Amino acid sequence: MFDPPSQVVKPSFESRCSSEKPVFATKIGRMLKGKIEPPLANVIVRVVEEVRGDGGKEHEIARAVTGEDGHYSIGPVWDEKKYTVIATKEGYNFKTDSNGVFRSEERNAESLRVEREEGGRGRGRWRGRERLKC
């Protein structure tokens with residue numbers, strides 16, 4: 001990886017060689033590896049950092065998609081940067097477990113049972129369970 005990631009150099013047409021030379025430092029990056037449990041394919045895993053002074057907007061550093069086995073490898077990222085790893089897929093919620101492991105839960109699998117107990121004057125209380133699709 002290079003620091004800075006890119007530079008703009010304006011060429012000088014007055015001489016053959018420009019006195020302005022770009023300087024880059026090289027750094028060793030690290031790959032982040034993890035998985036989705038239970039295994040889930042086609043989950044988008046993103047590494048983002050918050051951009052200070054920009055209203056809390058996120059800057060995406062890297063992105064990967066899980067395979068059939070739910071595993072991902074993403075990067076490289078620098079160790080000195082603070083970043084967040086986010087997993088997303090339509091219809092699923094994800095909770096970070098540890099060491100790059102995300103627990104997936106299907107959204108429409110949640111249930112709630114509702115029963116109405118008649119009360120006086122058109123009022124009622126709700127209790128119990130009924131399956132709802134979210």
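Q: Which residues does E60 touch, leaving aside anything up to four places away in sequence?
A: R46, V47 and V48, where a contact means heavy atoms within 4.5 Å. This is a predicted model, so to speak on its terms: local features need pLDDT of at least 70, side-chain atom pairs count only at pLDDT 80 or more, and totals for chains, interfaces and linings use all residues. Numbering runs from 1 along each chain as its sequence is written, and side-chain values use heavy atoms, with hydrogens and water left out.

Q: What polar contacts does the E60 side chain make?
A: One joins the side chains of E60 and R46 at 3.3 Å, and another goes to the side chain of R63 at 3.0 Å. A polar contact is a pair of N or O atoms within 3.5 Å; within protein, one must be able to donate a hydrogen and the other to accept it, and residues adjacent in sequence count only if both atoms are side-chain atoms.

Q: How exposed is E60?
A: Partly exposed, with a relative accessible area of 31% (buried is under 20%, exposed over 50%, partly exposed in between, with a 1.4 Å probe and protein chains only).

Q: And which strand holds E60?
A: E60 lies in β5, strands being DSSP E runs of at least two residues, numbered from the N terminus. V48 stands opposite E60 there.

Q: How many bridges join β4 and β5?
A: 7, with β4 (residues 44-50) and β5 running antiparallel. Strands count as paired if DSSP finds at least two bridges between them.

Q: What sheet are they part of?
A: An open one of 3 strands, ordered β5-β4-β7, with antiparallel pairing. β5 (58-65) and β7 (84-88) are the edges, each with a single partner strand, so one side of each has no neighbour in the sheet. Neighbouring strands here are turned by 25° against each other on average, direction ignored (axes are lines fitted to C-alpha atoms, and angles run from 0 to 180 degrees between N-to-C directions).

Q: Switching topic: what does β3 pair with?
A: β3 (residues 30-37) pairs with β6 (residues 71-77) in the antiparallel sense over 5 bridges, and with β9 (residues 101-106) in the parallel sense over 3 bridges. L32 has I74 as its bridge partner in β6, while E37 stands opposite R103 in β9.

Q: How many strands and helices in the whole protein?
A: 11 strands and 0 helices.

Q: What share of the residues is buried?
A: 18% of the 134 residues count as buried.

Technical notes. Helix = DSSP H or I, 4+ residues; strand = E, 2+ residues; numbered from the N terminus.
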